[in-house]
Amino acid sequence: MIEITIDNEKIKVESGTLILQACQKLGIEIPIFCYHEKLSIAGNCRMCLVEVEGNPKPVASCSVPCTEGMKIKTTTNMVKKARNGVMEFLLINHPLDCPICDQGGECDLQDIAMGYGKDKSRFAYNKRAVKEKNFGPLIKTVMTRCIHCTRCIRFATEIAGTPELGAIGMGEDMEVTSYLDKTLSSELSGNMIDLCPVGALTSKPFSLTIRPWELNKTESIDVSDAVCSSIRLDTRNNEVMRVLPIVNEEINEEWISDKTRFSYDGLKFNRIDKPFIKKKNVLEECTWGEALDFIEKKVKKIQGKKMAAVIGNQVDCESIVLLKDLFNMLGSDNFLCSQNNACYKSIPRIAYTFNSGISGIEDSDFCLLIGTNPRKEAAILNARIRKRYLQGNYEIFSIGPKFDLNYPCKFLDDNPSILIDTINKKNLLSKKLGKAKKPIIIIGDNIFTRKDSQSILYYIYNLCINFPVIQRKKNKIVWNGFNCLHYAASRVGALDLKFYSKNYRI
């Protein structure tokens with residue numbers, strides 16, 4: 001620990017702490033545009049300037065680490081004048097379209113200009129104009145507003161793993177654009193909307209629909225995949241207008257997938273919100289009373305053993321319990337908690353849950369994927385694996401077909417016999433697993449759809465026994481690296497409630 005002084009107040013911080021981070025610990029507000037704690041340091045907006053005793057010029061607090069005895073001042077005339085100057089330069093070319101800007105009310109540039117800028121500008125030049133870019137159907141661009149903070153570029157390269165954005169030109173001619181003028185392909189591209197401090201990148205589906213202060217904000221959990229990210233639903237009356245992430249370091253950090261962010265739009269179109277009855281192979285709309293009467297008549301004519309209950313991917317546990325009780329009362333024990341004919345026999349809970357936790361990926365030192373593509377099935381989880389890879393000393397192996405994961409991965413064959421060779425310590429994978437101190441295994445949900453699923457699970461179980469995947473001390477599990485990645489948010493809850501039949505399939 002080192003001791004520094006900020007605005008005549010002494011504080012102890014860890015060596016290597018940035019001046020900006022030390023100021024935030026004391027609750028001192030430092031204006032920032034380019035800095036973000038999850039991204040690399042750029043130091044190009046110069047808005048976070050502070051005065052350091054002994055330096056003739058103000059320094060960028062986001063890129064300078066603290067040293068023993070350093071004396072920092074954040075409210076001197078030098079600092080105020082420097083910030084005023086930076087703000088004045090930023091607004092030379094920024095368009096004055098705040099009344100019609102879709103970022104209005106949530107714009108960092110607005111807020112910082114009010115707090116740290118001037119009321120007048122000495123520049124009367126014609127403002128530049130930048131051609132709009134086509135980033136796809138999800139992100140709206142107004143690049144004339146861009147202040148070149150490069151957050152979007154760093155996010156695409158570092159977090160998403162799709163380096164499709166870059167800056168061309170210099171000075172006034174600088175532009176942020178996509179390489180080869182193509183749309184963004186990342187499953188996490190929507191997070192650039194949250195990162196953009198101005199109105200250069202905004203949500204196309206949400207743009208110009210409503211002002212943010214008119215929305216009701218409700219904390220919730222995403223059910224579009226099995227990651228169950230922490231989210232905030234912004235609603236008007238009973239209509240979902242947009243979905244935003246909530247910081248949760250254990251699960252999604254502060255990111256959400258594009259499926260999570262934009263799937264709400266599907267609630268408005270082609271949605272079955274009324275009952276239909278098929279008559280002469282034609283679906284005819286009916287009332288709920290007619291539909292329930294029709295179901296009652298059908299149920300009375302059919303034996304309980306010939307009926308089955310199938311749930312969807314987003315069903316809550318309360319509804320599952322009620323449905324199960326109803327069919328048990330009708331004499332049926334035919335239950336399916338998936339639509340892909342997955343066979344879940346009596347397996348312990350440890351065999352179908354993500355035991356290490358998503359944040360536990362960062363504690364592991366080796367990763368084995370079996371029959372899963374986390375980039376498509378759980379983009380947020382895939383980003384966490386990539387984050388761990390970038391920290392170094394981390395290898396990822398995969399048993400299954402090849403695909404692009406946005407990080408290096410050694411793909412083995414898609415033959416289950418690899419598991420047998422690994423158990424017998426006859427291949428490279430067995431050597432890597434044997435050397436690992438905290439390995440993790442992630443199996444895909446589609447393993448349960450195979451006819452040999454029980455055999456594969458048996459081999460994986462032996463892997464966990466023969467290698468340090470599951471570690472015990474004094475009969476207590478101190479590390480459990482066996483993880484099952486499901487497609488559906490409702491799957492684990494349904495399996496906990498035993499909503500499956502041992503031998504029943506559609």
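Q: Buried means under 20% relative accessible area, exposed means over 50%, and partly exposed lies in between. With that settled, what does Asn483 count as, buried or exposed?

A: This is a predicted model, and in it Asn483 has 0% relative accessibility, so Asn483 counts as buried, being under the 20% limit. Asn483 is found in strand 23, which covers residues 482–485.

Q: And how far apart are the C-alpha atoms of Asn483 and Gly444?

A: The C-alpha atoms of Asn483 and Gly444 are separated by 8.9 Å, while the two residues are 39 residues apart along the chain.

Q: Let me step back to the whole chain. How many helices and strands are there?

A: There are 14 helices and 23 strands in the chain. The C-alpha atoms fill a box of roughly 85 × 60 × 45 Å, taken along the principal axes, and of the 506 residues, 49% count as buried.

Q: OK, charges now. What's the count of salt bridges?

A: The count comes to 28 salt bridges. As background, side chains of opposite charge can pair when their charged atoms come close.

Q: Which residue meets Lys38 in a salt bridge?

A: Glu249 does, with a distance of 3.0 Å from N to O between the two side chains. That pair links distant parts of the chain, since Lys38 sits in the loop between helix 1 (19–25) and strand 3 (49–52) and Glu249 in the loop between strand 12 (239–245) and helix 6, the two being 211 residues apart. Lys38 counts as partly exposed because its relative accessibility is 22%, and Glu249 is likewise partly exposed, at 36%.

Q: Which residues are linked with Lys38 and Glu249 in a network?

A: Lys38 and Glu249 belong to a network of salt bridges that also links Glu253, Glu362, Arg384 and Lys387.

Q: What about Glu175, which side chain does it meet in a salt bridge?

A: The side chain of Glu175 meets that of Lys133, again at 3.0 Å from N to O. Here too distant parts of the chain are linked, with Glu175 in strand 8 (residues 175–178) and Lys133 in the loop between helix 3 and strand 6 (139–141), 42 residues apart. Glu175 is partly exposed because its relative accessible area is 25%, whereas Lys133, at 12% relative accessibility, counts as buried.

Q: Switching to packing: at what angle do the axes of helix 2 and helix 3 cross?

A: The axes of helix 2 (residues 77–90) and helix 3 (residues 108–116) cross at roughly 140° and come within 10 Å. The two helices are therefore oblique to each other, since only angles over 145 degrees would count as roughly antiparallel. Helix 2 passes helix 3 in a left-handed crossing.

Q: Now the surface. Which residues form a nonpolar patch?

A: Ile272, Phe276 and Leu283 form a nonpolar patch on the surface, and together they have about 360 Å² of accessible area. Ile272 is found in the loop between helix 6 (258–262) and strand 13 (276–279), and Ile272 counts as exposed because its relative accessibility is 72%.

Q: Last one: where is Leu419 found?

A: Leu419 is found in helix 11 (residues 417–423), and at 2% relative accessibility it counts as buried. Leu419 and Ile399 are 8.8 Å apart in space, C-alpha to C-alpha, and 20 residues apart in sequence.

How values were computed:
Residues numbered from 1 in each chain as written. Predicted model: local features only at pLDDT ≥ 70, side-chain atom pairs only at ≥ 80, totals over all residues. Heavy atoms only, no water. Patch = residues over 30% accessible without salt bridge, like charges linked within 9 Å, V, L, I, M, F, W, Y side chains within 5 Å. Areas by Shrake-Rupley, 256 points an atom, 1.4 Å probe, with all protein chains shown as cover. Salt bridge = Lys/Arg side-chain N within 4 Å of Asp/Glu carboxyl O. Helix = DSSP H or I, 4+ residues; strand = E, 2+ residues; numbered from the N terminus. Buried < 20%, exposed > 50% of the residue type's maximum accessible area, 1.4 Å probe, protein only. Axes fitted to C-alpha atoms, helices over the stretch in contact; angles between N-to-C directions. Parallel < 35°, antiparallel > 145°, perpendicular 65-115°, else oblique. Left-handed = near helix turned anticlockwise from the far one by under 90°.
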